[in-house]
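Hi,

Here is the structure I promised to pass on. Have a look at it first, then read my notes below.

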Amino acid sequence: MVAAVAVTTIAPAAAAAVAATTIVAAAAVVVTIEGTGTLPLPTSGAADEPPRIFFDFPGVTLKAPAVTASTDPRIRRIRSAVNSVRPLVTRVVLDLVALQ
């Protein structure tokens, strides 16, 4: 699986993560994470029990739904949560069917 993450903003101010969506494009999956302002470049990682890819956004508040359905059969769902309060870190997790 090829995963591309696009970080998109819809206003020029401080950021809050508001939505995460998937688009299936042949062999690739495009995940778009939208914010109310400029989102910082996230740190990322992967784990295999259960299989998932995560993105941590420092200094970003959360306004996105806790769980978003995926339109791609390789992604079970997208989860969003505050991972740390001090320092503030919002985590977006792609729960995968399997790591590839």
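What follows is a short tour of the salt bridges.

One thing to keep in mind: this is a predicted model. In it, I found 4 salt bridges.

Let's start with Arg91 and Asp56. Their closest N and O atoms sit 2.6 Å apart, and the two form a salt bridge. Arg91 is in strand 9 (residues 89–96) while Asp56 is in strand 5 (residues 51–58), so this pair ties together parts that are 35 residues apart in sequence. Are the two partners buried or exposed? Asp56 counts as buried, at 11% relative accessibility. Arg91 comes out as partly exposed, with 23%.

Next, find Asp95 and Arg79. This is another salt bridge, with 2.7 Å between the closest N and O atoms. Asp95 belongs to strand 9 and Arg79 to strand 8 (residues 75–84), so here the pair ties together parts 16 residues apart in sequence. Asp95 is buried, its relative accessible area being 6%, whereas Arg79 is partly exposed at 28% relative accessibility.

Finally, look at Asp72 and Arg74. Their side chains meet in a salt bridge too, at 2.6 Å from N to O.

Cheers

How values were computed
Residues are numbered from 1 along each chain as its sequence is written. This is a predicted model: local features need pLDDT of at least 70, side-chain atom pairs count only at pLDDT 80 or more; totals for chains, interfaces and linings use all residues. Side-chain values use heavy atoms; hydrogens and water are left out. Helices (H or I, at least four residues) and strands (E, at least two) are DSSP runs, numbered from the N terminus. Buried means under 20% relative accessible area, exposed over 50%, partly exposed in between (1.4 Å probe, protein chains only).
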